[in-house]
Amino acid sequence: MSINPSTSAVAVSTTAVLLIDDETTPTGRSEDGRVTYTLFNTGADVVYLGASDVDDQNGLPLVANGALSISIRHFGKLYGVCSTGESANVRVMLVP
């Protein structure tokens, strides 16, 4: 496994922040153009994942100290946000 240096650790708060910008992903794609990432929430609060308009009502929750693997097509983007008054750190690892 190798850590994508552009997104190895991301601070997340109440404004949506870009966690994965797959436009910059190196080689290693599957036949359908997907690449897999593993995300780990090192913070004490839930991070909600989704599009650029993600919030705590429409996002997929990544619980505190939780991990999630996700496959994204080329040029895909994934954002994260926390609820009001909360924050966390997310580690993003590219799984070749």
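The protein chain here has an average pLDDT of 84, and 80% of its residues score at least 70; pLDDT is the predictor's confidence in each residue, from 0 to 100. Watch out for residues 1-7, where the pLDDT is below 50. That stretch still has 15 contacts in the model beyond near neighbours in sequence, a contact being heavy atoms within 4.5 Å.

This is a predicted model, in which local features need pLDDT of at least 70 and side-chain atom pairs count only at pLDDT 80 or more, while totals for chains, interfaces and linings use all residues. Residues are numbered from 1 along each chain as its sequence is written, and side-chain values use heavy atoms, with hydrogens and water left out.

**The whole chain**

- You'll find eight strands and zero helices in the protein chain. Both kinds of element are DSSP runs, numbered from the N terminus: helices are H or I with at least four residues, and strands are E with at least two.
- Reading from the N terminus, the elements go β-β-β-β-β-β-β-β.
- Of the 96 residues in the protein chain, 36% are buried. Buried means under 20% relative accessible area, exposed means over 50%, and partly exposed is in between (1.4 Å probe, protein chains only).
- Take the contacts in the protein chain with a separation of 6 or more: 76% of them join residues 24 or more positions apart.
- The accessible surface of the chain is about 5,200 Å², and 52% of that belongs to carbon and sulfur atoms. Such areas come from the Shrake-Rupley method with a 1.4 Å probe, and for residues only the protein chains shown count as cover.

**The sheet β1-β8-β3-β6**

- Strands of a sheet pair through backbone hydrogen bonds, either parallel or antiparallel.
- Four strands make up this open sheet, in the order β1-β8-β3-β6, and the pairing is antiparallel. Two strands count as paired if DSSP finds at least two bridges between them.
- At the edges stand β1 (9-12) and β6 (67-73); each has a single partner strand, so one side of each has no neighbour in the sheet.
- From one strand to the next, the twist averages 30°. Axes are lines fitted to C-alpha atoms (for helices over the stretch in contact), and angles run from 0 to 180 degrees between N-to-C directions.
- Seven bridges link β3 (residues 34-41) to β6 in the antiparallel sense. To spot one, look for F40, whose bridge partner in β6 is A67.

**The sheet β2-β7-β4-β5**

- This open sheet also has four strands, in the order β2-β7-β4-β5, with antiparallel pairing.
- Its edge strands are β2 (17-21) and β5 (60-62), each pairing on one side only.
- Neighbouring strands here are turned by 30° against each other on average, direction ignored.
- Strand β4 (residues 47-50) pairs with β7 over three antiparallel bridges, and G50 has Y79 as its bridge partner in β7.
- β4 also pairs with β5 in the antiparallel sense over three bridges; there, Y48 has P61 as its bridge partner in β5.
- V47 and L49 point one way from β4, while Y48 and G50 point the other way, and all are buried.

**The salt bridge**

- How many salt bridges are there? The count comes to one, where a salt bridge is a side-chain nitrogen of Lys or Arg within 4 Å of a carboxyl oxygen of Asp or Glu.
- D21 and K77 form it, with their closest N and O atoms 3.3 Å apart.
- D21 sits in strand β2 and K77 in strand β7, so the pair ties together parts that are 56 residues apart in sequence.
- D21 counts as buried because its relative accessibility is 18%, whereas K77, at 40%, counts as partly exposed.

**Two loop residues**

- S83 is in the loop between β7 (77-81) and β8 (88-95). Is S83 buried or exposed? Its relative accessibility is 13%, so S83 counts as buried.
- Setting aside neighbours within four places in sequence, S83 is in contact with T14, Y48 and D56.
- A64 is in the loop between β5 and β6, and with a relative accessible area of 28% A64 is partly exposed.
- A64 and A44 are 20 residues apart in sequence, yet their C-alpha atoms are 4.9 Å apart in space.
- Leaving out neighbours within four places in sequence, the contacts of A64 are N41, G43, A44 and D45.
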